[in-house]
Amino acid sequence: MRDKKVLLIVQAAMIAAVYVVLTYFISAFNLASGAIQVRISEALTILPYFTPAAIPGLSIGCLLANLLTGAAIYDVVFGSLATLLGAIGTYLLRKHKFLCTLPPVVANMLIIPFVLRYAYGLVMEFGGHDLSIPFYMLTVGAGEIICCCILGMILLNALAKVRGAIFKNEE
């Protein structure tokens with residue numbers, strides 16, 4: 001029992017570290033945040049398919065990445081919440097290989113546009129109407145589909161082949 005707890009803590013820590021490194025790397029290209037986001041670290045949100053340790057790992061990784069990249073406090077809080085909700089959703093849908101990629105997309109599409117609009121003051125007007133929220137839902141959703149559904153599914157399929165070696169003692 002103790003060994004399993006240690007394994008889960010180590011897995012969570014490693015997942016958090018990889019999330020931070022990938023986010024920090026992609027932020028050098030200005031793609032980790034903003035109206036157009038392709039945060040490649042979000043591909044890791046498929047990891048709850050393999051281990052529940054990924055849920056705290058991803059949440060802590062997102063929190064640390066947001067702090068290290070200078071995100072606004074609302075982005076740190078609500079961005080981390082979106083990642084937590086997405087990770088929980090992935091874990092709950094782990095029996096459905098394709099569907100498990102969707103919760104992070106939905107969570108980020110519903111939460112991050114409000115962060116962009118109200119925490120960062122990014123406004124997208126057209127014809128005198130504020131279309132910020134629907135516009136950012138589209139742009140954030142597109143980036144999440146690229147990262148979670150496409151890159152995440154590639155990662156899921158690659159890791160499935162070595163599941164027993166990497167995620168020992170898991171369901």
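Is Cys 148 buried or exposed?

Guide: The model is a predicted one. In it, Cys 148 counts as buried, because its relative accessibility is 0%. Cys 100 likewise has a relative accessibility of 0% and therefore counts as buried. For Cys 148, the nearest cysteine sulfur belongs to Cys 147 and lies 6.3 Å away, and Cys 148 is in no disulfide. For Cys 100, the closest cysteine sulfur is that of Cys 149; the separation is 9.3 Å, so the two are too far apart for a bond.

A further cysteine, Cys 62, belongs to the contact between helices α2 and α3. Helix α2 covers residues 54-68 and helix α3 residues 73-92; their axes come within 8 Å and cross at roughly 160°. An angle over 145 degrees counts as roughly antiparallel, and α2 and α3 are therefore roughly antiparallel to each other. The crossing of α2 past α3 is right-handed. On the α2 side, the contact is made by Ile 55, Leu 58, Ser 59, Cys 62, Leu 63, Asn 66 and Leu 67. On the α3 side, the contributors include Asp 75, Val 76, Gly 79, Leu 84, Ile 88 and Tyr 91. Sorted by class, this contact of α2 with α3 holds 10 nonpolar, 5 polar and 1 charged residues.

Conventions: Residues are numbered from 1 along each chain as its sequence is written. This is a predicted model: local features need pLDDT of at least 70, side-chain atom pairs count only at pLDDT 80 or more; totals for chains, interfaces and linings use all residues. Side-chain values use heavy atoms; hydrogens and water are left out. Axes are lines fitted to C-alpha atoms, for helices over the stretch in contact, and angles run from 0 to 180 degrees between N-to-C directions. Helices (H or I, at least four residues) and strands (E, at least two) are DSSP runs, numbered from the N terminus. Angles under 35 degrees count as roughly parallel, over 145 as roughly antiparallel, 65 to 115 as roughly perpendicular and the rest as oblique. A crossing is left-handed if the near helix is turned anticlockwise from the far one by less than a right angle, and right-handed if clockwise. Contact means heavy atoms within 4.5 Å. Ala, Val, Leu, Ile, Met, Phe, Trp, Tyr, Cys and Pro count as nonpolar, Asp, Glu, Lys and Arg as charged, and the others, Gly among them, as polar. A disulfide is a pair of cysteine sulfur atoms within 2.5 Å. Buried means under 20% relative accessible area, exposed over 50%, partly exposed in between (1.4 Å probe, protein chains only).
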